[in-house]
Every structure is written in C-alpha cells, then in structure tokens.
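Thanks for coming, everyone. I have one structure to walk through today. Let me put it on the screen.

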Amino acid sequence: MELRQLQCMVICAQTKSFSRAASMLFTSQSNVSKTIASLENELGKKIFERKRHGIELTAKGKQIYQYALSMVECSAKILDCAEEDATEE
C-alpha cells in the first residue's frame, strides 16, 4: 500500500467521483480507477460501491477511510515540518 493510493482514496471519498478526483489529482479518470482497484485488490475488500451517478464508500471503506485520512493528514504535517526546518536553516 502506498501513500498515493490512500491520497487518491481520500479524494475519491470526498468528491464521490473518480472523475472529479482525477481532475483534482491532475490525472485521468482511468488512472484513478486503476489506483483504487489496485488498493482494493491489495486489501482484499471493496472500498467503493460504483453507483450510476458516482461512488459511495462501503461499510468497510468508511472504516478504512478514517485511517487513510489520518495518514494523509500526518504526511502533510511531516512535509510542513520539514519545510519549516528548511526555512530556519
């Protein structure tokens, strides 16, 4: 599992759309779909239900989302911390 997969999952969950997530991630919808499919395959669980007009988290996806969101937020804090140190030096 890679951080970029979790970042993609978080944005998909927040936008409820692979297409909108792709736009925010500056990539294609098919790349987002492949990334999510790869994560689901690795976890052995469906994260999203594909609906006619978008996507929704499954029950297990909602649990995973909370951990993924924490990891994404922590990674952003790490980057912020590193940038602060670079400006202090």
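A polar contact here is a pair of N or O atoms within 3.5 Å; within protein, one must be able to donate a hydrogen and the other to accept it, and residues adjacent in sequence count only if both atoms are side-chain atoms. Hold that for a moment.

Some ground rules. This is a predicted model, where local features need pLDDT of at least 70, side-chain atom pairs count only at pLDDT 80 or more, and totals for chains, interfaces and linings use all residues. Residues are numbered from 1 along each chain as its sequence is written, and side-chain values use heavy atoms, with hydrogens and water left out.

Now the overview. The protein chain has 4 helices and 2 strands. Helices (H or I, at least four residues) and strands (E, at least two) are DSSP runs, numbered from the N terminus. From that end, the order is α-α-α-β-β-α. The C-alpha atoms fill a box of roughly 50 × 25 × 20 Å along the principal axes. Of the 89 residues, 35% are buried. Buried means under 20% relative accessible area, exposed over 50%, partly exposed in between, with a 1.4 Å probe and protein chains only.

T15 sits in helix α1. Its side chain reaches the backbone oxygen of S17 at 3.0 Å. T15 counts as buried because its relative accessibility is 15%. Leaving aside neighbours within four places in sequence, T15 is in contact (heavy atoms within 4.5 Å) with R20, A21 and M24.

Next, S17. This residue is in the loop between α1 and α2. S17 is at 10% relative accessibility, so it counts as buried. The S17 side chain reaches the backbone nitrogen of S19 at 3.2 Å. Beyond four places in sequence, S17 touches C12 and I55.

C12 takes us to the core. A nonpolar core is a set of buried Ala, Val, Leu, Ile, Met, Phe, Trp, Tyr and Cys residues joined through side-chain atoms within 4.5 Å. The largest one has 22 residues, and M9, C12, V32, I36 and F48 touch the most other members. Two or more residues each come from α1 (3–15), α2, α3, β2 (54–57) and α4 (59–88). The largest share, 7 residues, comes from α1.

How many aromatic pairs does a search of the whole structure find? It finds 1. The rings of F18 and F48 have centres 6.0 Å apart and planes at 85°, so the pair is edge-to-face. The cut-offs: rings of Phe, Tyr and Trp (its six-membered ring) pair if their centres lie within 6.5 Å; planes under 30 degrees apart count as stacked, over 60 as edge-to-face and the rest as tilted. F18 is in α2 (residues 18–25) and F48 in β1, so the pair ties together parts 30 residues apart in sequence. Both F18 and F48 are buried.

Now helix packing. α2 and α3 pack at about 105°, with axes 8 Å apart. Axes are lines fitted to C-alpha atoms, for helices over the stretch in contact, and angles run from 0 to 180 degrees between N-to-C directions. The two helices, α2 and α3, are therefore roughly perpendicular. Angles under 35 degrees count as roughly parallel, over 145 as roughly antiparallel, 65 to 115 as roughly perpendicular and the rest as oblique.

Last stop, K45. This lysine lies in the loop between α3 (29–43) and β1 (48–51). K45 counts as partly exposed because its relative accessibility is 44%.
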